[in-house]
Amino acid sequence: MDKKENIEKQIRTLKEVRDILDVNRTEFSRYMGIPLRTLEEWEAGRRKMPDYVLRLIAYYVKTQKWLKENGIKLEGEYEQE
């Protein structure tokens with residue numbers, strides 16, 4: 001996979017994660033603690049996100065979903081409206 005294809009795949013995956021959470025960019029940036037400008041740059045393809053960051057985001061979201069499904073709430077956890 002070349003660099004452009006890799007970035008396009010990252011963009012699709014990041015948007016899919018946001019869709020799963022049903023949040024916009026601003027809400028997602030707050031939820032993940034990522035500066036909004038950085039998120040915008042990643043989704044526009046102007047900056048490449050490190051591969052490990054996307055894996056960590058996906059893992060975090062999956063873990064949070066599992067915790068919620070099992071009624072486990074962590075101290076200081078972000079609350080979605």
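User: What makes Lys48 count as buried, exposed or partly exposed?

Analyst: The model is a predicted one, and the value is computed from it. Lys48 has a relative accessible area of 33%. Buried means under 20% and exposed means over 50%, with partly exposed in between. Lys48 is therefore partly exposed, at 33%.

User: Which residue meets the side chain of Lys48, and why is the contact called a salt bridge?

Analyst: The side chain of Lys48 meets that of Asp51, with N to O at 3.2 Å. A salt bridge requires a side-chain nitrogen of Lys or Arg within 4 Å of a carboxyl oxygen of Asp or Glu. The 3.2 Å between Asp51 and Lys48 therefore meets the criterion. Asp51 has a relative accessibility of 36% and so counts as partly exposed.

User: How many salt bridges does the structure hold, and which one involves Lys65?

Analyst: The structure holds 5 salt bridges. Lys65 pairs with Glu69, the closest N and O atoms being 3.7 Å apart, and the limit is 4 Å. Both residues lie in helix 4 (residues 51–69), and because they are 4 residues apart, about one helical turn separates them. An α-helix has 3.6 residues a turn, so residues three or four places apart point the same way.

User: Why is Glu69 called exposed, and what is the class of Lys65?

Analyst: The relative accessible area of Glu69 is 56%, and exposed means over 50%; Glu69 is therefore exposed. Lys65, with 49%, is partly exposed.

User: What makes the pair Arg25 and Glu43 a salt bridge, and where in the chain are the two residues?

Analyst: The side chains of Arg25 and Glu43 meet with N to O at 2.6 Å, and the cut-off is 4 Å. The pair links distant parts of the chain, since Arg25 belongs to helix 2 and Glu43 to helix 3 (residues 36–44), 18 residues apart. Arg18 joins Arg25 and Glu43 in a network of salt bridges.

User: Which other residues of helix 3 are buried, and what covers them?

Analyst: Besides Glu43, the buried residues of helix 3 are Thr38, Leu39, Glu41 and Trp42. Their cover includes helix 1, helix 2 and helix 4. Ala44, also in helix 3, has a relative accessible area of 43% and is therefore partly exposed. Just after helix 3, Gly45 takes a positive phi of about 80°.

User: Why are helix 1 and helix 2 called roughly perpendicular?

Analyst: Helix 1 (residues 3–21) and helix 2 (residues 25–32) pack at about 90°, their axes being 11 Å apart. Angles of 65 to 115 degrees count as roughly perpendicular, and that makes the term apply to helix 1 and helix 2.

User: Which residues form the contact of helix 1 with helix 2, and how do they divide by type?

Analyst: From helix 1, Leu14, Val17, Arg18 and Leu21 meet Arg25, Phe28 and Tyr31 of helix 2. These residues divide into 5 nonpolar, no polar and 2 charged.

User: What makes the phi of Asp22 worth a remark, and where is the residue?

Analyst: Asp22 is found in the loop between helix 1 and helix 2. Its phi is near 55°, a positive value in a residue other than glycine. Most residues other than glycine have a negative phi. At 68% relative accessibility, Asp22 counts as exposed, because the threshold is over 50%.

User: What is the order of elements in the chain, and how much of the chain is buried?

Analyst: The chain has 4 helices and 0 strands, and from the N terminus on its elements run α-α-α-α. Of its 81 residues, 32% count as buried. Among contacts between residues at least 6 apart in sequence, 54% join residues at least 24 apart. The C-alpha trace spans about 40 × 25 × 20 Å along its principal axes.

Conventions:
Residues are numbered from 1 along each chain as its sequence is written. This is a predicted model: local features need pLDDT of at least 70, side-chain atom pairs count only at pLDDT 80 or more; totals for chains, interfaces and linings use all residues. Side-chain values use heavy atoms; hydrogens and water are left out. Axes are lines fitted to C-alpha atoms, for helices over the stretch in contact, and angles run from 0 to 180 degrees between N-to-C directions. Angles under 35 degrees count as roughly parallel, over 145 as roughly antiparallel, 65 to 115 as roughly perpendicular and the rest as oblique. Contact means heavy atoms within 4.5 Å. Ala, Val, Leu, Ile, Met, Phe, Trp, Tyr, Cys and Pro count as nonpolar, Asp, Glu, Lys and Arg as charged, and the others, Gly among them, as polar. Buried means under 20% relative accessible area, exposed over 50%, partly exposed in between (1.4 Å probe, protein chains only).
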